[in-house]
Amino acid sequence: MDKKNSPNIIELNRSLKQKETEIGLLQQTFTEIGSELDIEKIFQIVSERALELIDAETLLIPILDANCETYTYRGGAGKNAAEIVGEALPIEYGVCGWVWKHKRPWWRGMLNELSDDEKNRWEHEVGNMILVPLQGKKHFLGGIAGLNKNNDTGFDKKDLNLLQLFASIVSIAIENAMAVKSMEESHALTEDYRSRLEHLNKQLIESSKELEYLSLYDSVTGLPNRSLFYDRLSREIVEAESDDSTIGILLVDIDSFKGINDMLGHDLGDSLLNKIARRFKGEVRYNETLARLGGDEFIIVLPGLTQKHVVKRAENFINCLKDTFTIEQNTIVVNASIGVAVYPEHGESIGNLLSHADFAMYEAKKSSVKVCVYRPDHDHLAQGHLAMAADLRKALDEKQFELHYQPIISARSKKVVSAEALGRWYTKDRGNVPPGIFIRVLEQNGLIDEYTYWAIATALAQAKVWKSNYGIKRVAVNLSPQTLMHPDFRKKIDRIIKDKSDGRLLTFEITENLFLSEYDRLAEVLEHLCSLGVELSIDDYGTGYSSLSRLRRLPVSELKIDQTFINEMVENKDDQAVVHSTIELAHNLGLSVVAEGVENKPALELLTKLGCDTIQGFLISRPLPVTKFNAFVKAQLIRR
Ligand code: C2E
Ligand code: MG
Ligand code: MG
């Protein structure tokens, strides 16, 4: 027999050929999946190659799910595979469960190792199945299962070995691709997080911008607030220090704003502030800062200007308020006082500059100049208001206040017809403190009512004496709006003014801004005063809120034209026109007119010519203590 054709040789050749095919398949698989990262493609290739390798009818790849409770057929080839792939089953289910549990391959040969009961069960279910575990480097992945050998002989040990070899080769590629997939998934998740984070960041930026805006800008006027002002000024100071330049600081305070605000109501008060801010804005240049410090205080930082130019600019800010403001049909006159401090001359720190600008501002208010530059001697004048409040409390208890009286004469007869009572406060430490300052501090510290009732009672007692001695008709007392509108006012005043004969000796001077208060209550209070015989006079007329139509409906009997119109009326035709028309208008409304602040003869003559009823001013006399007032009136009587 030819050796070549001996059955052994034929079998050997067949087996070698088979081996070659298998090796070829394994190599091909290895090459194909070695560079493949798409897990679904890998499952597909692995299924097809394994199907071929073990000549199975169906091949499936069950893979453990991330939850470790189920497995899913992720790949498959051959009969019915398409229907099975994608199906998920509990981990303990079927032969897979057995393989996971024992970490051993399943094949027919395993049946011999089982108990009879188990053998019966498994033989029936999976006797024609082969399943080898897929063990990754780090994790147990799942398995490769072959169902039904095509030649009906069933899977043998050789198939098992081959499939195990195959599984060991592909498991790493599967593990890698699965890792890539989960990396891709987490990358997608990260991307999603990133874009959500980006969105959140945007929102955060928006709200922090809003927050920054709220923390740096004033919500009423939209101007920088105190914090931003501090920041800007501190930067300017650093620059000015390095290039040896100066910085002007203007502290602007709106005159009588508290009264306007109380009476207009806060909403309209805010809208007025807003309009004032807009006027100021029109005056500032790109490198300058206009900020609102709070309340009715504004601050302006003017870098690189000398004192002379700073003052000029301050005047521009005052001038831009000249035109009246209209707030819901109310015409409002706004005045302001400005305190000026210049870096470095008046201070090198923000705190110093601010407090010096503040002193200067108080000085401006007190002396009724609009703009005042800081002088070192302002310091003592503006010594802490807190300390002053404590001293004023003591002054009330110890009756330190005094009233001086300024005579008011008839323009026609030149006889003293009345007097205005003006508060005076002298202390050893402070000297004479002007009423412009101490009245404000009394008002701010809730002490003004007590002071005012004392002033009314004192003036009334004096008026009684002068009425009988000199025939002086009335004494005028200044009333703060807050006292007049206080709920207890009527009760308190009834205790001082007992009857009409008392009331007829008094005039109460009230300010124009009072006419912005709640009309019904104001009318009621004023009517009550009239019923007591008290006359009402509008002080400083022309400087505040004016509504003649309202005024006409209230029981007012006199207007006192403010001294700012009187001062220059002889030279200034505009002021003269205002005074003239005010006198006409007042007379038409049945009111008499007092001109205050008359300092020279031409003014007196002009006022007399224009029909002004009474005159008050330094030309006639300064405010005098009682003894001097008596002497003044007596001297006048003798002269006649
Ligand atoms: P006012 O009620 O308008 O009083 C007139 C002020 O003008 C007084 O200042 C007076 O001295 C001053 N004056 C009078 N004639 C002339 C003049 O010809 N030229 C100039 N330049 N000034 C003149 P004073 O006494 O300093 O009072 C200032 C303000 O303080 C008063 O203005 C008034 O608003 C307030 N005041 C004074 N005493 C009292 C008071 O007892 N109670 C209240 N609530 N306020 C008071
Ligand atoms: Mg007055
Ligand atoms: Mg006045």
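These legends walk through several close-up views of a predicted model.

**Figure 1**
Before zooming in, let's get our bearings. The protein is divided into domain 1 (3–179), domain 2 (226–383) and domain 3 (404–639). Between domain 2 and domain 3, the C-alpha centres are 31 Å apart. Keep these residue ranges handy for the views below.

**Figure 1**

Asp540 is in strand E18 and Glu596 is in strand E20, so the pair links parts that lie 56 residues apart in sequence. With a relative accessible area of 28%, Asp540 is partly exposed. Glu596, on the other hand, is buried, at 7%.

How far apart are the magnesium ion (ligand 2) and the magnesium ion (ligand 3)? They are 3.9 Å apart, and Asp539 coordinates both. In other words, Asp539 works as a bridge between the two ions. While you are here, glance at Asp540 in strand E18. Its phi is positive, about 50 degrees, even though Asp540 is not a glycine. That is worth a second look because most residues other than glycine have a negative phi.

**Figure 2. Helix H22, with one face turned inward.**
Helix H22 (residues 573–588) has 16 residues and reaches 22 Å from its first C-alpha to its last, close to the 22 Å expected at 1.5 Å a residue. Its buried residues are Asp575, Gln576, Val579, Thr582, Ile583 and Ala586. Looking down the axis of H22, you'd find these buried residues within an arc of 130 degrees, so they line one face of the helix. Facing away from that buried side are the exposed residues Lys573, Asp574 and Asn588. What covers the buried residues of H22? The cover includes strand E18 (535–541), strand E19 (558–561), helix H21 (563–567), strand E20 (592–596) and helix H23 (601–609).

**Figure 3. The two ends of helix H22.**
At the start of H22, a side-chain oxygen of Asn572 comes to within 2.8 Å of the backbone nitrogen of Asp574. After the helix comes Gly590, with a positive phi near 80 degrees.

Ser337 is part of strand E11 (residues 336–343). Is Ser337 buried or exposed? It is buried, with a relative accessible area of 2%. Its side chain makes a polar contact with the side chain of Asp255, at 2.7 Å. Leaving aside neighbours within four places in sequence, the residues in contact with Ser337 include Leu251, Val252, Asp253, Ile318, Met361 and Lys370.

The peptide bond from Tyr343 to Pro344 is cis, with omega near 0 degrees. Pro344 is in the loop between E11 and helix H11 (350–367). Then find Ser256, in the loop between strand E6 (247–254) and helix H8 (257–264). Ser256 isn't a glycine, yet its phi is positive, about 50 degrees. At 48% relative accessibility, Ser256 counts as partly exposed.

**Figure 4. Gly294 and Arg226.**
Gly294 is in strand E7 (residues 289–294). Its relative accessibility is 30%, so Gly294 counts as partly exposed. The C-alpha atoms of Gly294 and Arg226 are separated by 7.7 Å, although the two residues are 68 residues apart along the chain.

How values were computed:
Residues numbered from 1 in each chain as written. Chains lettered and ligands numbered in written order. Predicted model: local features only at pLDDT ≥ 70, side-chain atom pairs only at ≥ 80, totals over all residues. Heavy atoms only, no water. Helix = DSSP H or I, 4+ residues; strand = E, 2+ residues; numbered from the N terminus. Expected span 1.5 Å × (residues − 1). Buried < 20%, exposed > 50% of the residue type's maximum accessible area, 1.4 Å probe, protein only. Arc of directions from axis to C-beta. Contact = heavy atoms within 4.5 Å. Polar contact = N/O pair within 3.5 Å; in protein donor to acceptor, adjacent residues only side chain to side chain. Donors = N, O, S within 2.8 Å, 3.2 Å for Na, K, Ca; no water. Domains from an automatic or database assignment.
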